[in-house]
Amino acid sequence: MITYHERERIFKLDSPNTSYMIGIVDEENFVGHIYYGKRLKEAEASYLMRTQEKPFVPSRNNRERGAFYDGFPFEYPVGGLGDYRESCLDIRTAGGHAGAMLSYVSHEIMRGKPGLCGLPATFGTEEECETLKLVCEDCYVGMRVELLYTVFSDSDVITRSVRVENGGKEHFYLTKVYSACIDMDSRDYDMISLHGSWARERHIQRKPLGYGIQNVSSFRGESSHQDHPFLALADRHTTQEHGEVYAMNFVYSGNFRAQAEVSQFDGVRLSMGIHPENFCWKLEPGESFQAPEVVMVYTDRGLDAMTNTFHGFYRKHLLRGKYKDKKRPILINNWEATYFDFDSDKLLSIAKEAASLGIEMLVMDDGWFGRRNFDDCALGDWVVNEEKIKGGLAALVEEVNKLGMKFGIWFEPEMISPDSDLYRAHPDWAIAIPGRPGTQIRQQYVLDLSRKEVVDHIYAMVSAVLKSANVEYVKWDMNRQLSDMGSAALPPDRQGELYHRYVLALYEMQNRLTTDFPDLLLENCSGGGARFDPGMLYYSPQIWCSDDADAIERLKIQEGTALIYPLSTMGAHVSDCPNHIVGRTTPFETRGVVALAGTFGYELDITKISEEERNQIPGQVAMYHKYNDLVREGDYYRIASYSQNHMFDCWQVVSGDKRESLVTFVQVLTRANYRSRRILLKGLSEDTRYEVQILSARGEKEGDVWICGGDTLMSAGVLVPDMPGDFRSKLIYLTAVD
Ligand code: DGJ
């Protein structure tokens, strides 16, 4: 998979269908990017580094060193010496200077993939992957940089990360350290990225790439509702089915920047890493810094192929734990049912009704601890409020278990309310700038997780609650962004480390939790979906997608999320109507159909909904059990996008052996005097005949079953019967007959 061609000084990294090539040039050993794309047979094309063009390489023409630096396709560019494009690494020396340049020193090609100290990362066995460690240095500063590349035999993925070590005699500061860069020639590219806000996360944006810098980023301390650590460049003509795409996704949950810069010579530099704003990491001699991982995907088979590459790769090489490949229990969460106004009697009345309809787990959300009767107090006081939970947690869980249901609980471990016993005892445990009143968001501060005593204290409280009863699920929430960055425990020249130290401590806490409670199902959440990223997915196999569970709003949110992440990771529930966020009323069955594309559950007061809706729940439960294996493990295809056509949405999942498939069709708006819609199916076997059954949104058979060839279904398509009314939906279920 990885070869070094000594004579040509070229590294060639091959995945099943792609090649990536790196070259070393000149006596100064600059490391340049040669090629990334469709798999090539030979290690050649080093001419793409253009070292024979004016101004040639510096050792032959030192007069134009600056011009060389500003045009060479650096594999990992460092700032300060004349490359005026965006750098990947910036430093400040003890003397206060910036500027460095990397030269190749040595390399190692090893089987398998080393873990990244303190960070989540994808993994693979020695049979599945191979890693190149490229060691470079700047001898003037004494800085050693290891560039890590891993290729996989089963996925068209290359993962990258960077480790910087101070091998010199004096300290220096890292003021920027990205994790990956591709310096290519620019073509007619579109940039695809994900954007939104609270309650409308990860909407897809596609726009033409132009000259200059275009980036998406977050410096909110989390990957964020607003932007997403993902960036793709797609050929202007790339569609779902055809065309080239280069994509990067960051395995990190804090500040990030993902960027494409089109330069004066029509080069494009695609880069991704920790956001440099307010980042400054001090490296004493002998110390090192590990930057997080970037996952890169290239395909020439369109966006569906990119999506399925990410899905398959994350399912196999990122998700972990007991539940990663399993059907998750259907849950009912009391947040939108009761908000803070509940006690154990109320919860049990919900649980009883839910159990009788086939729901498998009760989740007790925010409001069960301290004096938490509203969102203005008690975060940090993780002690059960026995006025609400009479007889304590174990008694409640026992009753829930007696109903045949599992029990889950909500925490927000990273936060502290100013009105809490914890804050009164330890005001300095909150992140704050000394002498300034802190910015409250949702009337809370963020705990300074860079302090071990804080992490230990909070973790001890959380784990005591978990040990006190048979808790089988945790929803780990995080409801505000970071601001006022200051730690009472860090010296002035290390305050710039706080953002990253916070993320490292968060990972350490979740690592402890999943190690100490290996059977626990962990669902991450951040005010909805502000931290839905591969970093968090390493610890929890599912993440709450958005606080907006309106069936129509969810179409865009789930389309954007599923562009990268497997459906098995998307927390999706049927919620109440009119929807609490947008006020829209949609049919109960359409809410069910949309939630079936995720982990599935309910978020409503089941004791208050209409008889008619309640009666639909056993049918939805049965549909979940019937189709979830397919949804969780199947290949995913986007057939129509409501965000593009503003009328209807359609996606399809196909089993790996292509013998079973489910198509989901949602008609958002009806169209006057229209006919049935023709849709072209995808991913089936051309040589297989399928039994095709149209189903109502309640899963009932509609019309006759017919048999049809996969080639016909994909090239000629099927008709989705006309549905009068808005927000209506249908399913099509296909099984192979020969
Ligand atoms: C935000 C979450 O996304 C909601 O589901 C709920 O848990 C609230 N926080 C509770 O405060």
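**Tour: rings, charges and the ligand shell**

Select K176 and Y178: the charged end of K176 sits over the Y178 ring, 5.2 Å from its centre. Here, "over" means NZ of Lys or CZ of Arg within 6 Å of the ring centre and within 35 degrees of the ring normal. This is a predicted model: local features need pLDDT of at least 70, side-chain atom pairs count only at pLDDT 80 or more, and totals for chains, interfaces and linings use all residues. Residues are numbered from 1 along each chain as its sequence is written, and side-chain values use heavy atoms, with hydrogens and water left out.

Next, pick R320 and Y538. R320 lies over the face of Y538, 3.6 Å from the ring centre.

Now show the aromatic rings. The structure holds 44 aromatic pairs (Phe, Tyr or six-membered Trp rings with centres within 6.5 Å; planes under 30 degrees apart are stacked, over 60 edge-to-face, the rest tilted). F68 and F74 form an edge-to-face pair, 6.5 Å centre to centre with 85° between the planes. F68 and F74 are buried (under 20% relative accessible area, 1.4 Å probe, protein chains only).

Select F152, F230, F310, F313, Y314, F532 and Y565: they form one aromatic cluster.

Finish at the ligand. Of the 13 residues around it, D365, D366, K475, D477 and D547 come nearest (near: a heavy atom within 4 Å). A polar side-chain atom of D366 lies 2.7 Å from a ligand oxygen. For R442, a polar side-chain atom is 2.9 Å from a ligand oxygen.

How values were computed
Polar contact = N/O pair within 3.5 Å; in protein donor to acceptor, adjacent residues only side chain to side chain. Buried < 20%, exposed > 50% of the residue type's maximum accessible area, 1.4 Å probe, protein only.
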